[in-house]
Amino acid sequence: MKTSVTDLAVLGGSPAFTEPLAVGRPSRVDRRSFLERVERILASGRHSNGGPFVEELEARLAELAGVRHCVAMCNATTATQVLARARGIRGEVVMPSMTFIATAHAMRWIGLDPVFCDVDPVTGQIDPGQARASITPRTEAIVGVHLWGRPCPASALEDVAAEYGIDLYLDAAHAIGTALDGRPVGGFGNAEVFSLHATKIVGGFEGGALVTDDEETAERVRSLQAFGDGIWNKHGGTNAKMSEVSAAMALTSLEALPDTVSHNRRNHDLYVKCLDRTPGVSVERFDPDQRPNHQYVIIRVDPAETGMDRDTLHRVLLAENVITRPYFSPACHQTEPYSSLPTPRSLPHTERLAATVLALPTGTGTSSTDVETVCDIVRLAVSHGDRVVRGLQAGPAQEPHHDDFEHGSGSDLLSARQ
Ligand SMILES: Cc1ncc(COP(=O)(O)O)c(C=O)c1O
């Protein structure tokens, strides 16, 4: 255990971890189950085009979401585009800026204009009042985002969408298995979209799934994601189909979800316990009634109290081989192509969050010993914030060697921003 500030790797000590401990490592799955499924795929010769594993996954996800329809697709980004196309949306789409850039890019890529609104400063979630204030005569939809593994105020967003007669979609990339006031996430708005990317709590290597109770939306989406096959072929279409091997992986990962969530909950509780009395560092708490999946452990770093900003803490941890993520910084409106729009918006709550939040490692690849070690480093660093900063100004003993927030090397997962 490191006891002195000079033990920190960034100031010359040895890294606490020999292997990288990263945010977003894939959840553990039962290898045998997965490999058996792969054997069945190979034996059947059915590799794609809505095979039995895709069908089974769709049935299970619809059940989890409490809706009648699910269409599994190649990723959440494309699934959201197919949804907007299926609903015939044009013009502006209101969304929070505090989200992964994919939420905005998905809409812009199909010619829609993202309009960013501010978030609730306490929860970090989209603020329905701010969403309402961002609606113009050109607005045709709101995209709410369930941030950090628990639901956003989706029922209040439903009220806003109904008041203006516009669509509501939910980016549920982080929120599989969660619930708002007893209503499972997946059943809000016109449709919701889960991500099954490798970094998500349920992973299918790559993958996404649209869930909805609206039969017509489901039928259109099913058609458009397979080249406009069937009833909707007059509208064209794209190829967003999920492969059988992705479905096999996602099913295996879904079976592990209860264990994964329990593991994450224990990690989260331990982070809270270990960092609870650390001035200037607060661990985001989640309401157990919302069935949080604890996909992310988020801390906020207050430089006024710690003497160091979030980016310095990231750098300290990186030198220890702990790869954290600033989910989400820069916020969408602070980065291109949105930051140079003619009327850039000022979103004070989002900007404050974007400057202070940091996701710490969790998931089934992160043990309680790992969590305790990360917390020891955080406590040591922030209780000597001024000395760390002065030491770094004098010239770092050890520069980050894998990855920073934007650039990676080696592993796909370490190099992606996801
Ligand atoms: C909030 C959010 N929305 C959308 C996405 C995009 O998901 P996918 O990679 O499945 O396209 C992600 C993925 O990281 C995300 O975190």
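**View 1. Contacts of Leu 275 in the predicted model.** Leu 275 touches Val 281, Val 283, Ile 299, Leu 360, Cys 375, Val 378 and Arg 379 (heavy atoms within 4.5 Å). Residues up to four places away in sequence are not counted. Numbering starts from 1 along each chain as its sequence is written, and side-chain values use heavy atoms, without hydrogens and water. In this predicted model, local features need pLDDT of at least 70 and side-chain atom pairs pLDDT 80 or more, while totals for chains, interfaces and linings use all residues.

**View 2. The largest nonpolar core.** This core holds 34 residues. A nonpolar core is a set of buried Ala, Val, Leu, Ile, Met, Phe, Trp, Tyr and Cys residues joined through side-chain atoms within 4.5 Å; buried means under 20% relative accessible area (1.4 Å probe, protein chains only). Leu 8, Leu 275, Ile 299, Leu 313 and Leu 317 have the most contacts inside it. Elements supplying at least two residues each include H9 (257-275), E12 (297-301) and H13 (368-383). Helices (H or I, at least four residues) and strands (E, at least two) are DSSP runs, numbered from the N terminus. H13 gives the most, eight residues.

**View 3. The open sheet.** Seven strands run in the order E2-E10-E9-E6-E5-E3-E4, with mixed pairing. Pairing requires at least two DSSP bridges between two strands. E2 (69-73) and E4 (113-117) are edge strands with a single partner each, so one side of each lacks a neighbour in the sheet.

**View 4. Strands E3 and E5.** E3 (92-96) and E5 (139-145) pair in the parallel sense over three bridges. Glu 92 has Thr 139 of E5 as its bridge partner.

Methods: Buried means under 20% relative accessible area, exposed over 50%, partly exposed in between (1.4 Å probe, protein chains only).
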